[in-house]
Amino acid sequence: MTDLIRWTAAELAERLGAGDVSSVEATRAHLDRIAEVEPDVHAFLHVAGEAALTRAAEIDRLRAAGEAPSPLAGVPVAIKDVLCTSDMPSTAASRILEGWIPPYDATPVARLRAAGLVPLGKTNMDEFAMGSSTEYSAYGPTHNPWDLSRIPGGSGGGSAAAVSAFEAPVALGSDTGGSIRQPAAVTGSVGVKPTYGGVSRYGAIALASSLDQVGPVSRTVLDAGLIHDVIGGYDPNDATSLQQAWPSMAEAARRGAAEGSLAGVRVGVVKELNGDGFQEGVRSRFAESLERMAAAGAEIVEVAAPHFEYAISAYYLILPAEASSNLAKYDAVRFGLRVDPGRSTTEQVMALSRERGFGPEVKRRVILGTYALSAGYYDAYYGSAQQVRTLVQRDFAAAFEQADVLVSPSTPTTAFRFGEKVDDPLAMYLNDVTTIPANLAGVPGMSLPIGLAPEDGLPVGLQIMAPVREDARLYRVGATLEALLEAEWGAPLLSRAPELGRPVPVPGFGTEPDGGTR
Amino acid sequence: MPDASLEITVADVQHLAGLARIALEPGEIEHLAGELNQIVDSVRKVQEVATPDVPATSHPLPLVNVLRADEVGAVLTQQQVLSGAPDQQDGRFRVPAILGEEQ
């Protein structure tokens, strides 16, 4: 049964459908794995435990009665703590929401439940999704399964670590400036930020409303597509939700994997998202991937995006501005923490509660956003940032004239060590230099693993971007590249990750004196 | 660059913290003033290309005003709305005094 946790969601769904395994068995295996590795990884803030097993048993009964709600029914899933769940605390990793159980489910969560997926728990993140390492979680960081002394990326480090450590086959994330794609890159997993408006934001605790997008986190491109198909599509509860029919992303992934060819695909290499400041091993793996794609028939073209270098500055004005407004709802009145020393006014209680409930990065960004929006500075900062947003969108439009998809390394470096950047906000912000342009323009992006950096043995990710509404291209191209790379490696990249939480074996033939752990 | 480094003073941060309703400690205010100056110095870069001929974009995709049908929808019950309240009374949110003694 240990293999069970290594199955992809697609494999697990197939075996659930064939009756080879029950959802209770699958859910229990993942809960056991969580119990085994969580002391090291800390991907979860809440584990559903019995509630998950109860739901799994329900799904098994439905399936036995021929009423399985979807082919994915019974597959366990982890949910980023930024998404509201009516039966589990939803804190966005902040003290100000400690223990809060929302009165409703976020739409992507409701859709997963309706399809019969079994929520395993809530995953760790940087507080209110502000960060690139999970070091800003109020509940302690998540550790990278490849090297426990390193960050798993952020903000969605918990979801990425959970799938990479085989604690869940699939998970949900949210991506405001790279919070799905950057953790995927540094943990050797797959993550997709859909087109803005492609997945409902209803019930996603808002960071920056014009940038936030919910998306899938997985170990394979196909699994991401399967989840994308379930959570995507129009939702009247989100006014920015796109009203249109979407093709099946899973179908696009299957087609891409089966074809094994990129003939006729124009792949644009973004000149500005590579080069100086990028780690040597990241650059070499990226270059090899380009060769691989060219060998598969892709036409590789270099494209210029001269305004991308301004994107990060625009982002760190637009995001704090929107966040300072969104986070005004934590007022110690309607929900969340209230610190009341007595004989104080509502305003004083509000200020004390926010002082106690918010961590340092949240305070930094709220104050920065308040500054950027204040009278006398609005045009110089927020206004200019919005103009840069136009320029970034124009760069994308021009680039997509020359290419069907754009590619870059997903991150400038592999996973860094804890503490390396936590006290240097600007250094931390630079982690997002590759992923931010997609959020500013609303275009979809995917990160998938392309190998290990020779100098540190850590995963490297490739980012693929497509025009708005063309998410299927990511899956088509991503699945082809994934299939080509895995054929060459002989196994998925994650099979090379170190063993975790292995119990010390009983001494005997074939066992190693140190238990064989790394 | 004395101008740039002095752009956000400790008094400014104190004022901003008041606007943002965060009772920052004196140490935090001093620390933040330093950090914010660094950050603002860096993000000021947007002004280099934000020339008057470039229109502003507030949203990734063009949207028109979105209205739903004027029908009663599935909404939360009063009990659900109050379920997370730090304090409540008679079906309402209960708050500390709105006005201080001097007000």
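Two strands are taken to pair if DSSP finds at least two bridges between them. By that rule β9(A) and β11(A) pair in the antiparallel sense, over 4 bridges. The model described here is a predicted one.

## The sheet of chain A

Chain A holds an open sheet of 11 strands with mixed pairing, in the order β1-β3-β2-β4-β6-β5-β10-β11-β9-β7-β8. At its edges stand β1 (44-47) and β8 (299-303); each has a single partner strand, so one side of each is left without a neighbour in the sheet. From one strand to the next the twist averages 30°.

Helix α13 of chain A, residues 379-402, packs on this sheet. The helix touches β7 (266-270), β8 and β9 (405-409), and its direction makes about 140° with that of β7(A).

| Strand pair | Number of bridges | Bridged residues |
|---|---|---|
| β5(A) and β10(A) | 3 bridges | A:K193 and A:G445 |
| β10(A) and β11(A) | 7 bridges | A:S447 and A:Q463 |
| β9(A) and β11(A) | 4 bridges | A:L406 and A:M465 |

## The β10-β11 hairpin

Strands β10(A) and β11(A) form a hairpin with 6 residues between them. In the turn, A:G457 has a positive phi of about 70°. Besides the pair in the table, A:L452 stands opposite A:P459 in β11(A).

How much of β10(A) is buried? Strand β10, residues 445-452, is mostly covered, with 8 of its 8 residues buried. For β11(A), 7 of the 7 residues are buried, so this strand is largely enclosed by the rest of the structure. The cover extends to both faces of β11(A): A:P459, A:G461, A:Q463 and A:M465 are buried on one side, and A:V460, A:L462 and A:I464 on the other.

## A:V170 in strand β4

A:V170 lies in strand β4 of chain A, which runs over residues 170-174. Is A:V170 buried or exposed? The cut-off for a buried residue is 20 or more other C-beta atoms within 10 Å of its own. A:V170 has 30 C-beta neighbours inside 10 Å and therefore counts as buried.

Leaving aside neighbours within four places in sequence, A:V170 is in contact with A:A9, A:V77, A:V163, A:P216, A:V217, A:S218, A:D223 and A:I227. The C-alpha atom of A:V170 is separated by 6.5 Å from that of A:A78, although the two residues are 92 apart along the chain.

## Chain B and its side towards chain A

Chain B has 4 helices and 2 strands, which run α-α-α-α-β-β from the N terminus on. Its radius of gyration is 23 Å, whereas a compact globule of 103 residues would have one near 13 Å. The C-alpha trace of chain B spans about 60 × 45 × 25 Å along its principal axes. Of the 103 residues in chain B, 17% are buried.

Between the two chains, 47 residues of chain B are in contact with 56 residues of chain A. On the side of chain B that touches chain A, α2 (10-19), α3 (26-43) and α4 (78-82) each supply at least two residues. The largest share, 7 residues, comes from α3(B). By class, this side of chain B has 33 nonpolar, 10 polar and 4 charged residues.

Helix α3(B) has 18 residues, which at 1.5 Å a residue should span 26 Å; its end C-alpha atoms are 26 Å apart, so the two values agree. Which residues of α3(B) are buried? They are B:L32, B:A33, B:L36, B:I39 and B:V43.

Methods
Residues numbered from 1 in each chain as written. Chains lettered and ligands numbered in written order. Predicted model: local features only at pLDDT ≥ 70, side-chain atom pairs only at ≥ 80, totals over all residues. Buried ≥ 20, exposed ≤ 12 C-beta atoms within 10 Å, placed from the backbone. Contact = placed C-beta atoms within 7 Å. Nonpolar A, V, L, I, M, F, W, Y, C, P; charged D, E, K, R; others polar. Rg over C-alpha atoms; globule rule 2.2 N^0.38 Å. Expected span 1.5 Å × (residues − 1). Axes fitted to C-alpha atoms, helices over the stretch in contact; angles between N-to-C directions.
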